[in-house]
Every structure is written in structure tokens, then in C-alpha cells.
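This briefing covers the overall architecture of the protein and then the setting of one residue. Please consult the sequence and the 3D structure shown here alongside the text.

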Amino acid sequence: MNNEEMYNYFDASILDYKEGSSRFREKLPELTQGYFDFTEACFQEGAMNQKQKQLTALGISIYAQDEYCIMYHTKGAAEHGATEEEIMETVAISAALGGGAAFSQGVTLVMDTFDYYKNVKH
């Protein structure tokens, strides 16, 4: 994948999620806002810092095979200073529990997303 294709894929995928969320917000505003408030609270700095929380969410996303969340939380981990080694260890933990499907998502989608977003200015 060249840089232009990666830009179109990763950023367009995250935009798709945001657009879908807006559609739900229009029709189900209380439910959608409640979900957003809850998830925002979950990712606030606490006993775990935001990088740790993004890596945890990434591991769960890989295990669940949720490509949108894989991209979103890989981006979040990169934005909060995760290293390549931390990303790889997260993939490894997910693969230990999720087998080949988790490993294949990790060595492809996760690493491609990380490589793209690690160099994006935050």
C-alpha cells in the first residue's frame, strides 16, 4: 500500500465511523450521547494512563476482529506515544488468546496503521 492509499484507507475508515455515529446521534440522541459519555469517561487518565488504555483497547479490538476499532485504537496508542515494541507486544498478547486470526490482523492492519500514524504530527 502506498502512502496515498494508506491515507485514504485509514483516515476514510475513521471518518466512516464518525459519520455513522452522527447518523445514530440524529435518530437516537440520548442513547448515542450516553454511550459517548461512558466511553469518554473510560479513557480519561486515571490509574492507567491514556497510552495504557489505548493499548488495552487495541488488544481487545484485535481479539474481537473489529477493524474500525483496531485502526482507531492503534492511532490512539501512537498519538499517546506507544512504541513499535509496545504495539507488537499488544499484538502478541491478543494472538496468545485469539490465535491466527488475531495474529494476522496484528501483523497486517495494526502494523500498517501504526506505521502510518506514528509519523503523523499530533
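Contact means heavy atoms within 4.5 Å. Residues 24 or more positions apart account for 64% of the contacts in the protein with a separation of 6 or more. The model is predicted: local features need pLDDT of at least 70 and side-chain atom pairs count only at pLDDT 80 or more, while totals for chains, interfaces and linings use all residues. Residues are numbered from 1 along each chain as its sequence is written, and side-chain values use heavy atoms, with hydrogens and water left out.

**Fold and dimensions**

- The protein has five helices and zero strands, where helices (H or I, at least four residues) and strands (E, at least two) are DSSP runs numbered from the N terminus.
- From the N terminus on, the order of elements is α-α-α-α-α.
- The C-alpha trace spans about 40 × 35 × 30 Å along its principal axes.

**Surface and charge**

- Of the 122 residues, 31% count as buried, that is, under 20% relative accessible area with a 1.4 Å probe and protein chains only.
- The accessible surface (Shrake-Rupley method, 1.4 Å probe) comes to about 7,700 Å², and 56% of it belongs to carbon and sulfur atoms.
- There are 9 positive and 19 negative side chains, the centres of the two sets lying 5 Å apart; Lys and Arg count as positive, Asp and Glu as negative, and His and the chain ends are not counted.
- Each charge is placed at NZ of Lys, CZ of Arg, CG of Asp or CD of Glu.

**Thr113**

- Thr113 lies in helix 5 (residues 84-117) and is buried, with a relative accessible area of 0%.
- Leaving aside residues up to four places away in sequence, Thr113 touches Phe10, Met71, Thr74 and Lys75.
- The side chain of Thr113 reaches the backbone oxygen of Leu109 at 2.7 Å.
- Thr113 and Gly98 are 15 residues apart in sequence and 20 Å apart in space, C-alpha to C-alpha.

Definitions and conventions: Buried means under 20% relative accessible area, exposed over 50%, partly exposed in between (1.4 Å probe, protein chains only). A polar contact is a pair of N or O atoms within 3.5 Å; within protein, one must be able to donate a hydrogen and the other to accept it, and residues adjacent in sequence count only if both atoms are side-chain atoms.
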